Amino acid sequence: MSKKKQSKDASTEILGEGRVIKNTGSSYIVRLSSGEQLPCRIKGNFRIKGIRTTNPVAVGDIVTVVKAADDADYITAISPRRNYIIRRASNLSKESHILASNIDLAILVASLKDPETPLTFIDRFLATAEAYSVKAAIVLNKEDTWDELDKELAEALHNLYSSIGYPLYFVSAATGKGIPELKNILIDKITLLAGNSGVGKSSLINSLVPGANLRTGEISDIHHTGTHTTTFSEMIDLPGGGALIDIPGVRGFGTIDFAPEEVGHFFPDIFHFARDCRYSDCKHTGEPGCAVIPAVEEHYIAESRYNSYLSILEEASEEAGADKYRKPF
């Protein structure tokens, strides 16, 4: 461990910097440079220092830890984040929730059925990654359960997203198919794994990290949705180097703090055609000289992507107090 130092406050001792590797709800686990792991708390006033999130400290943060007079360890500062990925805390909330920080890759784990991952959910995740400068990829799990129609859909999704620039991988945590290839892209990276409940994220991690032994849940026969098995966010070391950040499954992915005029920037396929719009502030909802709508009509932009764009635009517009934007055709 780095040499301990007395802080200006004689009642505290600076233990050094470390990375937050787990959020336990009431406290955080911090791994110091020595490898020592400490349960740490945060002071009450830490929450109100201009941080508009439900979790002022996130897994992946580099933080300063001190030992206070009560012999407890506290997080007193967060180093500037290289990047982070965030979502609306809930559908009705105006607060945000940081999923993870200082990450090299964000992977959305999805499934075609039992449960079906909505395309809008995928697109919202990807747009958020774009907005916060995080590289993103998609993993379609449960390949072993696909019938011929599922395989056709999977290929169509692969063609769509890979053409935009998002790698898409087919895997089966149950059979191990695709796991070696996935392991190769994770080496020496800190990777966020996100997904809606029931897509098999915990099973996937168990396949990637022998001995992880994460609890897995059953799928509801009635609603075809999964149950939450991950309670708190946690960083899990990979055998070959790097780490996974596992977060609780989410049922919706609400965006936050998107300016209406910027939403199109976070859809590379839409942004490509938007450069040819007559007006630089075109929202692609029926304005004269819009180049995006003809691209959708001629199938250069997938209608599913355009619908996802409109849903985020409407959300951003409501947040900004503007009129709602509706599909023009």
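Predicted model: local features only at pLDDT ≥ 70, side-chain atom pairs only at ≥ 80, totals over all residues.

Colleague: Noted. Which strand pairs with β6 there, and in what sense, parallel or antiparallel?

Modeller: That is strand β4, residues 37–42, and the pairing with β6 (residues 73–78) is parallel, over 2 bridges.

Colleague: And how many bridges does β6 make with β5?

Modeller: There are 5 bridges between β5 (residues 62–67) and β6, and that pairing is antiparallel. One place to look is valine 65, which stands opposite isoleucine 75 in β6.

Colleague: What's in the hairpin of β5 and β6?

Modeller: There are 5 residues between the two strands, and aspartate 71 takes a positive phi near 70° in this hairpin. Aspartate 71 has that positive phi although it is not a glycine.

Colleague: Is aspartate 71 buried or exposed?

Modeller: Exposed. The relative accessible area of aspartate 71 is 55%, and a residue counts as exposed when that value is over 50%.

Colleague: What about the peptide bond from aspartate 114 to proline 115?

Modeller: That bond is cis, with omega near 0°. Proline 115 sits in the loop between β9 and α1 (119–131).

Colleague: Let's switch to helices. Which residues of α4 are buried?

Modeller: In helix α4, residues 201–208, the buried ones are Lys201, Ser202, Leu204, Ile205 and Leu208. Looking down the axis of α4, these buried residues fall within an arc of 155°, so they line one face of the helix.

Colleague: And what do the buried residues of α4 pack against?

Modeller: They pack against the strands β9 (105–110), β10 (136–140), β12 (190–195), β13 (234–237) and β14, and also against helix α3 (179–186).

Colleague: Nice. Which residues of α3 are buried?

Modeller: Ile179, Leu182 and Leu186. They cover an arc of only 60° around the axis, so they are on the same side of α3. The buried residues of α3 pack against β9, β10, β12, α4 and β14.

Colleague: Now the inside. How many residues are in the largest nonpolar core?

Modeller: It has 50 residues, and those with the most contacts inside it are Ile75, Ile103, Leu140, Tyr161, Leu192 and Ile245. Another core of 25 residues lies apart from it, with Ala58, Ile86, Phe258 and Cys282 among them.

Colleague: What is isoleucine 103 in contact with, leaving aside its neighbours within four places in sequence?

Modeller: Isoleucine 103 is in contact with Arg82, Asn83, Ile85, Val134, Ile190, Leu192 and Ile245. You can find isoleucine 85 again in a strand pairing, where it stands opposite alanine 100 in β8.

Colleague: How do β7 and β8 pair?

Modeller: Antiparallel, over 5 bridges, with β8 covering residues 96–101. β7 is mostly covered, as 4 of its 5 residues are buried. Arginine 88 is found in β7 (residues 84–88), and at 9% relative accessibility arginine 88 counts as buried.

Colleague: Last one: what does the chain look like overall, in helices, strands and burial?

Modeller: There are 7 helices and 14 strands, and 48% of the 329 residues count as buried. The chain exposes about 15,900 Å², and carbon and sulfur atoms supply 50% of that. Of the contacts with a separation of 6 or more, 64% come from residues 24 or more positions apart.

Technical notes. Residues numbered from 1 in each chain as written. Heavy atoms only, no water. Buried < 20%, exposed > 50% of the residue type's maximum accessible area, 1.4 Å probe, protein only. Arc of directions from axis to C-beta. Contact = heavy atoms within 4.5 Å. Areas by Shrake-Rupley, 256 points an atom, 1.4 Å probe, with all protein chains shown as cover. Core = buried A, V, L, I, M, F, W, Y, C linked by side-chain atoms within 4.5 Å. Pairing = 2+ DSSP bridges.
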